[in-house]
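Trainee: I would like to learn how to read pockets, cavities and cores. Could we go through them one at a time?

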Amino acid sequence: METTPRQIVAFGGGGFSMESGNPLLDDYVLGLCKAERPRACFLPSASGDADHYIVRFYRAFSAHRCEPSHISLFRREQGPTDLRRHLLSQDLIYVGGGSVVSLLGVWRAHGIDSILREAWEAGVVLCGLSAGSLCWFEEAVSNFHGDAKRVRGLGLLPFSNCVHYERGGKRQSDYIRFLREGLSGGYAAEDGAALHFVGEELSRVVASRPEARGYRLDMAERRVVEMQIATTYLGDAGAMPAAPVPEALSTPAPSAAG
Amino acid sequence: MSGNGRLPAAATPVRRILTLGGHEFSSRPPDRAVCELLLRLARERGGERPRICILPTASGDTSEQIASFYAAFGERSCEPSDISLFRLGRRPVALRDHLLSQDLVYVGGGSMVNLLAVWEAHDIASILSVAWRQGIVLAGQSAGAMCWFEAGITKSSGKPRAAAGLAMLSGSLCVHYNNEPERRAAYLAAVADGMPSGYGLDDYAGLLWEGEGTPSALTARRGARAYRVSSQAGKATESPLPARFLPAPAPAALREDIAEFRRIRTMRKRAGWLG
């Protein structure tokens, strides 16, 4: 029996939520689905299920390229009654941005956290941006509100994660500070960059903008080491489709960041 | 004044919670009556220009709920504000400081399960408990009413079912009592089955809890009722509570007309004096 790989694509920021007119990341995640017309379910929980956000999802994931649906946990009287069945029947689960703290709170209340783990193990591609990226990791660096906070995520990926990363910016200094304080190593992604994990391994970093990058950050002998990860720009001819094969981490530009 | 010259110790603030079975922030008479009551309660604590904050968490912070709140209170003598936990990224608020500086905190309707889950994630309930002890009025409708009790009947998962609340008020509550027979039936079954006894509230019926003891029932629409629901010999019984009727104040438009009339009258008088 063929086994389907477990896949997560964690966007630092981008896709229809942030890059109107640039469908590269959204095309990439749809391209990972084997089905001709993949079933794609949007989870806008981190936004409080904002109507305008749901409308934008349906515009970006229109019915001619996939079978779109969404689950609104604030309006359960509409939509699928059996959440587990619906989510496990998808090819792609796309998690929107917003508040990762609220997202995880609502998910736990509806048992979505354990369903998503099941979906991941069953080969449903999981993806999302911002809060929808942070949620998959063991721990997240959340800058959503006030001072940066460490937030415990679903823990599907045994790393830390930082989104909307900016070298030389506050996100970087916060992440480095947390690593020094004992946060486990992990990955950062700039807006437009997406970390594609197969199983628990980073398979590749793809980007919807030529300059967007992903980074690996770790503690090495009491120093934080930041390594830029080779990134495939999806706008280059031949960059698609994706090959979900784990590759060795390439680190062409190592730099000590503290 | 006490004999030793010191100021008397401040009296322990009265803890107040207003729970409403259902209403909207519209210009219809019963909704205006509810707004007037909220303003009155807020003024009793905060004077002429009280601070009133809405927590629209249960709706997912819909702009609709927030806008209707501002439409109702924006033109009145008060300082309305909102805390959108889902929008803190764009609109940061010092949660504790802001909530504890209010005279009344109003909790909107929506999903009771999500409300409590998001509050727990942001540690809001403990702040509201402090607010309550400090005499800040807590109020809410639907999910925002049931959340204060030990238990309520929520439709957060589609079908009505029992859900635990914050237990700041003892007993249970079921809202939209007249409008949602399914919810009422689920409540009666739950109480018969051992859920703590409590209250059923029709839309536009409310219970005002002041200090210890039993609440007083209020109604903003003729025929809207509050019920005491308890279990006797494994069967739930309902008994309607005598309720005080809240008359609706003149609508805002009429108040404006009156003000306009007064302005014109003044101008005429002045014109008369000048002419």
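**Pockets, a cavity and cores**

Mentor: Helix 2 of chain B gives the most to the lining of the largest pocket, with three residues. This is a predicted model, in which local features need pLDDT of at least 70 and side-chain atom pairs count only at pLDDT 80 or more, while totals for chains, interfaces and linings use all residues. Residues are numbered from 1 along each chain as its sequence is written, chains are lettered from A and ligands numbered from 1 in the order in which they are written, and side-chain values use heavy atoms, with hydrogens and water left out.

Trainee: Which residues lie nearest the centre of the largest pocket?

Mentor: First the terms: on a 1 Å grid over the protein atoms alone, a pocket is an open set of points with protein on both sides within 12 Å along at least five of seven lines, a cavity is a set where a 1.4 Å probe fits but cannot get out, and lining residues have an atom within 4 Å of a point. Here 34 residues line the largest pocket, and B:Q65, B:G109, B:G110, B:Q141 and B:S142 lie nearest its centre. Helix 2 (63-73) and helix 6 (143-146) of chain B are the elements that give two or more residues to this lining. Helices (H or I, at least four residues) and strands (E, at least two) are DSSP runs, numbered from the N terminus.

Trainee: What is the volume of the largest cavity?

Mentor: A volume is the space filled by probe spheres set on the points, with grid points joined across faces, edges and corners. The largest cavity has about 30 Å³, and the whole structure has one cavity of 30 Å³ or more. Among the residues that line the largest cavity are B:L20, B:V34 and B:Y204.

Trainee: How many residues does the largest nonpolar core have?

Mentor: A nonpolar core is a set of buried Ala, Val, Leu, Ile, Met, Phe, Trp, Tyr and Cys residues joined through side-chain atoms within 4.5 Å. Buried means under 20% relative accessible area (1.4 Å probe, protein chains only). The largest core has 118 residues, and A:W107 is one of those with the most contacts inside it. Helix 1 of chain B gives the most to this core, with eight residues.

Trainee: Which residues does A:W107 touch?

Mentor: Contact means heavy atoms within 4.5 Å. Leaving out residues up to four places away in sequence, A:W107 touches residues including A:L43, A:L73, A:W136 and A:L154. Another core, of 25 residues, lies apart from the largest one and includes A:L25 and A:F57.

Key:
Buried means under 20% relative accessible area, exposed over 50%, partly exposed in between (1.4 Å probe, protein chains only).
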